[in-house]
Amino acid sequence: MILTKQDIQRLDKLRRSNLINSVTGIKPANLIGTLSRAGIPNLAIFSSVMHIGSNPALIGFILRPKNEVARHTWENIEQTGCYSINHVHRKFAENAHFTSAKFDNGVSEFEQCHLTEQYIDKFEAPFVNESDIKIGLQFKDAIPIELNDTTLVIGEVQHLIVPDHALDDGWQCDLASVDGMGISGLNGYYALSKVAHYPYARPGALPDFKFKPIK
Ligand SMILES: Cc1cc2nc3c(=O)[nH]c(=O)nc-3n(C[C@H](O)[C@H](O)[C@H](O)COP(=O)(O)O)c2cc1C
């Protein structure tokens, strides 16, 4: 199938959203935890979490348009300046998915979706107890993307919780070892398995073959 820009524009909203949301490949499955100023916890699934830079350690995510509906995650980040990012694992992927429902302000997705709040080192945002890999962030910047009224929200890492067994010799997270999940589109969940680890790429040390299937 070959689709032009016009074909894509003519698709109904759901098909267009499914297609464009999945065509870029697998995205990470994370839950963002926040606390309102009144102390009410909030949790929501986000697939747009991305690495921005390692020094300083910056992580971003894309927030959908703020004016259409209430965005509790954003409102809480504005109020407290901090939030947690928690990996979704296979054992609670379904619970995590349903945090995307539009709950009223004041309703805790932790309670509704049977996940457990965890507080670490007086950090003012709840982590997800069931999650093995979690990041505590301090809000740093919100960059408006005028093209579609979304926002790139950037935070700096304050806390990192990773089980020792999930780090390889070079300190890369082995996501398969914690049953990590990937997301395609808005409701497709994938299991992850690590199949290769290649050396740093240099022009003088390239593969001398066309294909070598991964075993
Ligand atoms: C698989 C999946 C991925 C999502 N990713 C994002 C995302 O990256 N950015 C976003 O703003 N909303 C995303 N959402 C929608 C939010 O989860 C949803 O709007 C949620 O109600 C936000 O909750 P809040 O109002 O408590 O912040 C996603 C939903 C699903 C099901």
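**Figure 1. Lys-27 and its bridge partner Ile-183 in β11 of the predicted model.**

**Figure 2. The open sheet of seven strands, in the order β3-β2-β6-β9-β10-β5-β4.** Pairing in this sheet is antiparallel. β3 and β4 (50–54) are the edge strands, and each of them pairs on one side only. On average, and with direction ignored, neighbouring strands are turned by 35 degrees against each other. The helix α3 lies across β2, β3, β5, β6, β9 and β10. Its direction makes an angle of about 50 degrees with β2.

**Figure 3. β10 with its two partners, β9 and β5.** On one side, 11 bridges join β9 to β10, and these strands run antiparallel. The hairpin of β9 and β10 has four residues between the strands. In this hairpin, Asp-149 takes a positive phi near 65 degrees.

**Figure 4. The largest nonpolar core, made up of 28 residues.** The residues with the most contacts inside this core are Ala-29, Leu-31, Ile-32, Leu-43, Ala-44, Ile-45 and Tyr-83. At least two core residues come from each of β2 (30–35), β3, β5, α3, β6 (82–87), β8 (127–128), β9 (134–145) and β11. β3 gives the most to the core, with four residues. In soluble globular proteins, nonpolar side chains tend to be buried together.

**Figure 5. Surroundings of Ile-45, one of the core residues with the most contacts.** Neighbours within four places in sequence are left aside here. The remaining contacts of Ile-45 are with Ala-29, Leu-31, Ala-96, His-97, Thr-99 and Ser-100. Two of these partners, Ala-29 and Leu-31, are also listed among the core residues with the most contacts.

**Figure 6. The shell of 19 residues around the ligand.** Ala-44, Ser-48, His-72, Thr-73 and Ser-100 come nearest to the ligand. Two or more shell residues are given by each of β3 (41–46), β5 (57–63) and α3 (72–80). β3 gives the most to this shell, with four residues. By class, the shell has nine nonpolar, seven polar and three charged residues. Two residues link this view to others: Ala-44 is one of the core residues with the most contacts, and Ser-100 is in contact with Ile-45.

**Figure 7. Leu-3, in the segment before α1 (5–10).** Leu-3 counts as exposed because 12 C-beta neighbours lie inside 10 Å, and a residue with 12 or fewer falls in that class. Leu-3 and Ile-85 are separated by 82 residues in sequence. In space, the two are 36 Å apart from C-alpha to C-alpha.

Terms used
Residues are numbered from 1 along each chain as its sequence is written. This is a predicted model: local features need pLDDT of at least 70, side-chain atom pairs count only at pLDDT 80 or more; totals for chains, interfaces and linings use all residues. A residue is near a molecule or strand if its C-beta atom, placed from the backbone, lies within 6 Å of it. Ala, Val, Leu, Ile, Met, Phe, Trp, Tyr, Cys and Pro count as nonpolar, Asp, Glu, Lys and Arg as charged, and the others, Gly among them, as polar. Two strands pair if DSSP finds at least two bridges between them. A nonpolar core is a set of buried Ala, Val, Leu, Ile, Met, Phe, Trp, Tyr and Cys residues joined through C-beta atoms within 7 Å. A residue is buried if 20 or more other C-beta atoms lie within 10 Å of its own, exposed if 12 or fewer, and partly exposed in between; C-beta atoms are placed from the backbone. Two residues are in contact if their C-beta atoms, placed from the backbone, lie within 7 Å. Axes are lines fitted to C-alpha atoms, for helices over the stretch in contact, and angles run from 0 to 180 degrees between N-to-C directions.
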